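Dear colleague,

I am passing on the structure below, and after it I have set out what was found when it was examined. Please read the notes with the structure open beside them.

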Amino acid sequence: MWPRLVANKILRKPLGSNNFVTDFPGNDGPDGLVLEAPSFDQPSSNSTSTIFNHHKDTNTHKYKVFVSTWNVGGVEPQQDMNIKDWIDTSCDIYVFGFQEIVPLKASNVLGSENSSICMKWNSLIREALNKKTHYYSQDNLKHDKHDHDGNPNIIESSNNPREFHCIISKQMVGILISVWVRSNIRPFIRHPNVSCVGCGIMGCLGNKGSVSVRFRLHETSFCFVCTHLASGSREGDEKLRNSNVADILSRTSFPRGPLLDLPRKILDHDRVIFLGDLNYRIALPEATTRSLVERREWNALLKHDQLMMELKEGQVLEGWHEGAIQFAPTYKYCPNSNVYYGCRPGNRGEKRRAPAWCDRIIWCGKGLKQHEYGRGISKLSDHRPVKAIFTAEVGVLRTLKGYHSFFLSERLDKISSQLQVSSADGFLCKGSTKSRSFKI
């Protein structure tokens, strides 16, 4: 294991596989889980893709995008956990970022990934987003579509334009990013890809780093970067985090696609959002920080926030934006408590860790407008979740003739037939391929 990891570091090879989990968009609806690799982006004899890449006669549509980040501290979600109140169900695209979905111990960092935890989180997300999956359709009542007992039929989830499907879910050690979209815009999602960068032990392991996902919606490219940067509250530790960011921006790379026209690097995309446990702290003495937190003097604290100072000085992510922070620091809390760590008597010599806004969402580029930026109240871990809601401008072709059929064409069937899912990966799906939701 170690020689291979050292070799990968020397050769600057990306960490992990570029496969990811998705609800594959078959003609019948979701068939369950498959692994999709970037290699499926092969040139096709279908010339439709060429037409749409070169035809730039577009209108601008706006979509609502929900983005959240949460360091769950290695705590496994319970089956009865309710995240519905945390999610605004009026959005079109949902991006869920997690850190430490498994404890960052050696067996998890060096061993094979535990996909069962990832599946539990995705199952909770699916249930929360699709809590109104089944509904009575008045249109069906008008057409007298009843069952044998005369009761109105219930519309299955695949026929619901407001149902959500997972287009990308990817885990690297403790980092998980999961992207969901409404079923009525799913046919217009193209070229989904992932790229993992490890910045942890030896500068390459996945206990710290990023999982980036990208896709094109209509004619606009999106990139979401879920990160967990270097920890530490000592003076100068912010430079390690800056270095992590620079490493992520330089090492993250996506395939160019069959026409070599897709963005390769993070900053080449039209809409880019960073989310995660960025770990930046407050550059004040601990006693001063705690006193200001008790008095809820956020502005006084934010003047000394490391990320804001580094952004202002151009030391990291120059030109990026963050919404106004009007909520309490998200780290570090006592277990299952609203009390910050270190406020209670602890063990002698134990690190106290002053409160800080470690969990952040920032963005760059035009065409993104933030409407909400806040934190949640869940006591699951020592961090509080953070969410943001954006409006994203998307270029849409004025003439869409033949566009939808491209995604339901024989080419898609051909790709589907090429997919091979190994049972060793734990994602082998069995049973009927009729329209249904499959829990991940």
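In helix α6, the buried residues are Asp237, Glu238, Arg241, Asn242, Asn244, Val245, Asp247, Ile248 and Arg251, where buried means under 20% relative accessible area, exposed means over 50%, and partly exposed lies in between, with a 1.4 Å probe and protein chains only. Helices (H or I, at least four residues) and strands (E, at least two) are DSSP runs, numbered from the N terminus. The cover over these buried residues of α6 includes β7, β8, β9 (220-228), β10 (271-277) and α9 (306-312). Helix α6 itself takes in residues 237-251, and its 15 residues reach 21 Å from the first C-alpha to the last, close to the 21 Å expected at 1.5 Å a residue, the expected span being 1.5 Å times one less than the number of residues.

Before going further, please note that this is a predicted model, in which local features need pLDDT of at least 70 and side-chain atom pairs count only at pLDDT 80 or more, while totals for chains, interfaces and linings use all residues. Residues are numbered from 1 along each chain as its sequence is written, and side-chain values use heavy atoms, with hydrogens and water left out.

Taken as a whole, the protein chain has 11 helices and 13 strands, and 53% of its 440 residues count as buried. Among its contacts (heavy atoms within 4.5 Å) between residues at least 6 apart in sequence, 72% join residues at least 24 apart.

Strand β7 (residues 189-198), part of the cover over α6, is itself mostly covered, with 10 of its 10 residues buried. It pairs with strand β8 (residues 209-217) in the antiparallel sense over 8 bridges, two strands being counted as paired if DSSP finds at least two bridges between them, and in this pairing asparagine 193 stands opposite arginine 214 in β8.

Strand β4 (residues 93-99) is largely enclosed by the rest of the structure, because 7 of its 7 residues are buried. In a regular strand the side chains alternate between the two faces of the sheet. In β4, Ile93, Val95, Gly97 and Gln99 point one way and Tyr94, Phe96 and Phe98 the other way. Strand β3 (residues 58-71) runs parallel to β4 and is joined to it by 7 bridges, with glutamine 99 of β4 as the bridge partner of asparagine 71. Strand β6 (residues 175-182) pairs with β4 in the antiparallel sense over 6 bridges, and here glycine 97 stands opposite isoleucine 177 of β6.

As for the nonpolar cores, each is a set of buried Ala, Val, Leu, Ile, Met, Phe, Trp, Tyr and Cys residues joined through side-chain atoms within 4.5 Å. The largest has 56 residues, and those with the most contacts inside it are Val67, Val179, Leu217, Phe224, Ile273, Ile361 and Phe390. Strand β13 (residues 386-397) gives the largest share of this core, 6 residues. A second, separate core of 25 residues includes Tyr94, Phe98, Val102 and Trp121.

Finally, the structure holds 14 salt bridges, each being a side-chain nitrogen of Lys or Arg within 4 Å of a carboxyl oxygen of Asp or Glu. In one of them, aspartate 23 and arginine 126 meet at 3.0 Å, N to O, and this pair links distant parts of the chain, since aspartate 23 is in strand β1 (residues 20-23) and arginine 126 in helix α4 (residues 115-129), 103 residues apart. Aspartate 23 is buried, with a relative accessible area of 2%, and arginine 126 also counts as buried, at 2% relative accessibility.

Another salt bridge joins the side chains of glutamate 322 and arginine 360 (2.7 Å, N to O). Glutamate 322 lies in the loop between α9 and β11 (359-364) and arginine 360 in strand β11, so the pair ties together parts that are 38 residues apart in sequence. Glutamate 322 counts as buried at 18% relative accessibility, and arginine 360 is buried with a relative accessible area of 0%. Asp305, Glu322 and Arg360 are linked in a network of salt bridges.

With best wishes
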